[in-house]
Amino acid sequence: MKNKVKIFVSLFLALVMLLSFPSFANAVSKPEKTYITSLSANVKGFTVKWKKKNVTGYQIQYALNSSFKNGKKVTVKSKTTTSKKVKHLKAKRTYFVRVRTYKAKDGKRTYSSWSKYKSVKTKKSKSRTVYITETGSCYHYDSNCGNGVYYRTTLSKALSLGLRPCKKCVY
């Protein structure tokens, strides 16, 4: 008899707590974990691809160490996107990258655990910066070489346009 009373009281208290705190009833279940399928190096950046899951969005974290201390996070709000290009990083540095999913309900996000991290070494730009004019037939190493408005470009792009080096500012 005492056991039945204890069970009844326990169920009654659980029901009262559930009704008093509606956030328990509206809680979002933990989303399914994803993993990195591809991580490739770019010039001063990288491209990360991950396995698509049935979630609201994804979060990418990258850092210069595997403990992700002082790491940065990028949020991808689309559930259909499965890759992200991260730019404006330092060249020839090793970055550690991981991904996680999230589900959102009533403005609150519930995150999965992080994927296993992968590392990538960013590439150095292979081409030197040069300056060209709209009408010029040569490229300049210095933007103060002559008169005119100069546009920044790469040496390989200038050579592909058939431009020759300026005789004044050639080293």
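Strands E6 and E8 run antiparallel, joined by 4 bridges. This is a predicted model, so keep that in mind throughout. Within that pairing, Phe96 stands opposite Ser119 in E8.

Now the other partners of E6. Strand E3 is joined to E6 by 7 bridges, and the two run antiparallel. Here Phe96 turns up again, standing opposite Ala63. Strand E7 also pairs with E6, antiparallel, through 4 bridges. In that pairing, Tyr102 has Tyr111 of E7 as its bridge partner.

What sits between E6 and E7? The two strands form a hairpin with 2 residues between them. Asp106 in this hairpin takes a positive phi near 55°.

Next, the aromatics. How many aromatic pairs does the structure hold? There are 8. I'll show two of them.

Take Tyr62 and Tyr95. Their ring centres are 6.2 Å apart and their planes meet at 65°, so this pair is edge-to-face. Tyr62 belongs to strand E3 and Tyr95 to strand E6, so the contact ties together parts that are 33 residues apart in sequence. Are these two tyrosines buried or exposed? Both Tyr62 and Tyr95 are buried.

Then Phe96 and Tyr117. The centres are 5.6 Å apart, with the planes at 80°, so this pair is edge-to-face too. Phe96 is in strand E6, while Tyr117 is in the loop between strand E7 (108-111) and strand E8 (118-121). That links distant parts of the chain, 21 residues apart. How accessible is each ring residue? Phe96 has 17% relative accessibility, so it counts as buried. Tyr117, at 44%, counts as partly exposed.

Back to Tyr62 and Tyr95 for a moment. Together with Phe46, they form one aromatic cluster.

Two arginines also meet rings. Arg98 lies over the face of Phe68, 4.0 Å from the ring centre. Arg109 puts its charged end over the ring of Tyr102, at 4.3 Å from the centre. Recall that Tyr102 is the bridge partner of Tyr111 in E7.

On to the cysteines. A disulfide is a covalent bond between the sulfur atoms of two cysteines. How many disulfides are in this model? The count is 0. Cys138 is in no disulfide, and its nearest cysteine sulfur, on Cys166, is 4.8 Å away. The cut-off used here is 2.5 Å between the sulfur atoms, so a pair has to lie within that to count. Where do these two residues sit, buried or exposed? Cys138 has 13% relative accessibility, so it is buried. Cys166 has 5%, so it is buried as well.

Last topic, backbone angles. Most residues other than glycine have a negative phi.

Lys44 is not a glycine, yet its phi is positive, about 55°. Where is Lys44? It is in the loop between strand E1 (36-42) and strand E2 (45-50). Its relative accessibility is 43%, so Lys44 counts as partly exposed.

Asn70 also has a positive phi without being a glycine, near 60°. This residue lies in the loop between strand E3 (57-63) and strand E4 (72-76). Asn70 is exposed, with a relative accessible area of 73%.

To recap on E6: it runs antiparallel to E3, to E7 and to E8. Phe96 in that strand stands opposite Ala63 and Ser119, and its ring pairs edge-to-face with Tyr117.

Terms used
Residues are numbered from 1 along each chain as its sequence is written. This is a predicted model: local features need pLDDT of at least 70, side-chain atom pairs count only at pLDDT 80 or more; totals for chains, interfaces and linings use all residues. Side-chain values use heavy atoms; hydrogens and water are left out. Buried means under 20% relative accessible area, exposed over 50%, partly exposed in between (1.4 Å probe, protein chains only). Rings of Phe, Tyr and Trp (its six-membered ring) pair if their centres lie within 6.5 Å; planes under 30 degrees apart count as stacked, over 60 as edge-to-face and the rest as tilted. A charge sits over a ring if NZ of Lys or CZ of Arg is within 6 Å of the ring centre and within 35 degrees of the ring normal. Two strands pair if DSSP finds at least two bridges between them.
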